[in-house]
Amino acid sequence: MTTVRANGITLEYVETGQRDAPVILLIMGLGMQLVAWPEPLCEGLAARGFRVIRFDNRDVGLSTRMPSARPLATAAMMARASLRLPVRPPYSLNDMARDAVGLMDALKIDRAHVVGASMGGMIAQIVAIEHPERVRSLTSIMSTPDRPMPRSSVLRALVRPRPRSREMAARRMAEFFRLIAGSAYPPTDAELRARVERSMLRSYRPDAFTRQLIAIQAAPSRVGMLRRVRAPTLVLHGDEDPLVPLAGGKKTAAAIPGARLRIVPGMGHFLPEALVPLLIEEIAGHCLEADGEARNRTARAAGGPQ
């Protein structure tokens, strides 16, 4: 792992695969670190011929920790954002999209296949909207162009008071992953324990979760803006997602011209290793197809063979 300066902050990243291969940029979701991307997924995508780059979003993992507001001020911002009242969040999803593009700049990557999960899918959508020249293809996983509307049981788990210790935080994280995982791809106890322990040992920043949640709640709808996206787009969503229900994936696919919606039966809002083979096939297949279409367009423009 290593770091770069991008968009005025430091971002921690790690890459897998050949440096001269087409880039897949992975953007993770709310409060999650780059290690939330399953290692076999990154290795599998690299084996399909890609340079896979994942990074810690600002405020999580080993990237720059952002300034904290006082608890009462943070609670007031969260309340106003939830009611759709004007609020100036500590940072926005657009700031985080600029971080992703800044990382590409720092690594001298002109264009990438941009893949985002959950909040990372929201960020990836903004990159495709605001920086179309940098996006070879877009993959939006378990995400939405609007504020998500989780099930009541999931919402209660999200807004519980901050855990009083790391041990309580680890227990709650495991419970939450079990709550949002779908019936067809439940993580094993051993996988869940290893995932939680790795995350907690690497970094523990409970206050960042609320700041990123405010950024999500304060973001405007992207439905109208997504109509401008021209990058080949795959929308991947589970039909048992209790955090970002399937309606969010359907709305994303309907808004983007030519987008392909892949609904996965029994998938929830989690990326367990049991789901990795399907993810590799869907993401790698989509990226390869997008690159093939780009080569054909270039050949047609040059008047050569396709």
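In helix 3 (residues 93-106), the buried residues are Leu93, Met96, Ala97, Asp99, Ala100, Val101, Gly102, Leu103 and Met104. Buried here denotes under 20% relative accessible area, exposed over 50%, and partly exposed in between, with a 1.4 Å probe and protein chains only. Helices (H or I, at least four residues) and strands (E, at least two) are DSSP runs, numbered from the N terminus. The model is a predicted one, in which local features need pLDDT of at least 70 and side-chain atom pairs count only at pLDDT 80 or more, while totals for chains, interfaces and linings use all residues. Residues are numbered from 1 along each chain as its sequence is written, and side-chain values use heavy atoms, with hydrogens and water left out.

The 14 residues of helix 3 should span 20 Å at 1.5 Å a residue, and its end C-alpha atoms are 20 Å apart, so the two values agree. The expected span is 1.5 Å times one less than the number of residues in the helix. At the start of helix 3, a side-chain oxygen of serine 92 comes to within 3.3 Å of the backbone nitrogen of asparagine 94. Such a polar contact is a pair of N or O atoms within 3.5 Å; within protein, one must be able to donate a hydrogen and the other to accept it, and residues adjacent in sequence count only if both atoms are side-chain atoms.

Just after helix 3, lysine 108 takes a positive phi of about 60°. Lysine 108 is placed in the loop between helix 3 and strand 5 (112-117), and its 75% relative accessibility means that it counts as exposed. Aspartate 59 also has a positive phi, near 80°, in a residue other than glycine. Its place is the loop between strand 4 and helix 2, where aspartate 59 counts as buried because its relative accessibility is 0%. Most residues other than glycine have a negative phi.

Serine 63 lies in the loop between strand 4 (51-55) and helix 2 (71-82). Serine 63 counts as buried because its relative accessibility is 2%. Aspartate 146, in the loop between strand 6 (135-141) and helix 5 (152-158), counts as buried at 18% relative accessibility.

| Side chain | Partner | Distance |
|---|---|---|
| Aspartate 146 | Serine 221, side chain | 2.5 Å |
| Aspartate 146 | Lysine 251, side chain | 2.8 Å |

On a 1 Å grid over the protein atoms alone, a cavity is a set of points where a 1.4 Å probe fits but cannot get out, and lining residues have an atom within 4 Å of a point. Grid points are joined across faces, edges and corners, and a volume is the space filled by probe spheres set on the points. Two cavities of 30 Å³ or more are counted.

The largest cavity holds about 70 Å³ of space. Its lining consists of Gly31, Met32, Gln33, Val35, Ala36, Met173, Phe177, Arg195, Val196 and Ser199. Helix 6 (166-180) and helix 7 (189-202) each supply at least two of the lining residues, and the largest share, three residues, comes from helix 7. By class, six residues of this lining are nonpolar, three polar and one charged. In this scheme Ala, Val, Leu, Ile, Met, Phe, Trp, Tyr, Cys and Pro count as nonpolar, Asp, Glu, Lys and Arg as charged, and the others, Gly among them, as polar.

The second largest cavity has a volume of about 40 Å³ and is lined by Arg111, Arg136, Pro232, Ala290, Asp291, Ala294 and Arg297. Helix 11 (residues 276-302) gives the most to this lining, with four residues. The lining comprises three nonpolar, no polar and four charged residues. Glutamate 293 is also found in helix 11 and counts as partly exposed because its relative accessibility is 32%. The C-alpha atoms of glutamate 293 and methionine 267 are separated by 29 Å, with the two residues 26 apart along the chain.

As a whole, the chain contains 11 helices and eight strands. Buried residues account for 54% of its 306 residues. The C-alpha trace spans about 65 × 45 × 35 Å along its principal axes. With 306 residues, a compact globule would have a radius of gyration near 19 Å, and the chain agrees because its own value is 19 Å. This radius is taken over C-alpha atoms, and the globule rule is 2.2 Å times the number of residues to the power 0.38.

Terms used: 1 Å grid on protein atoms, 1.4 Å probe; cavity = no way out; pocket = protein on both sides within 12 Å on 5 of 7 lines; lining within 4 Å.
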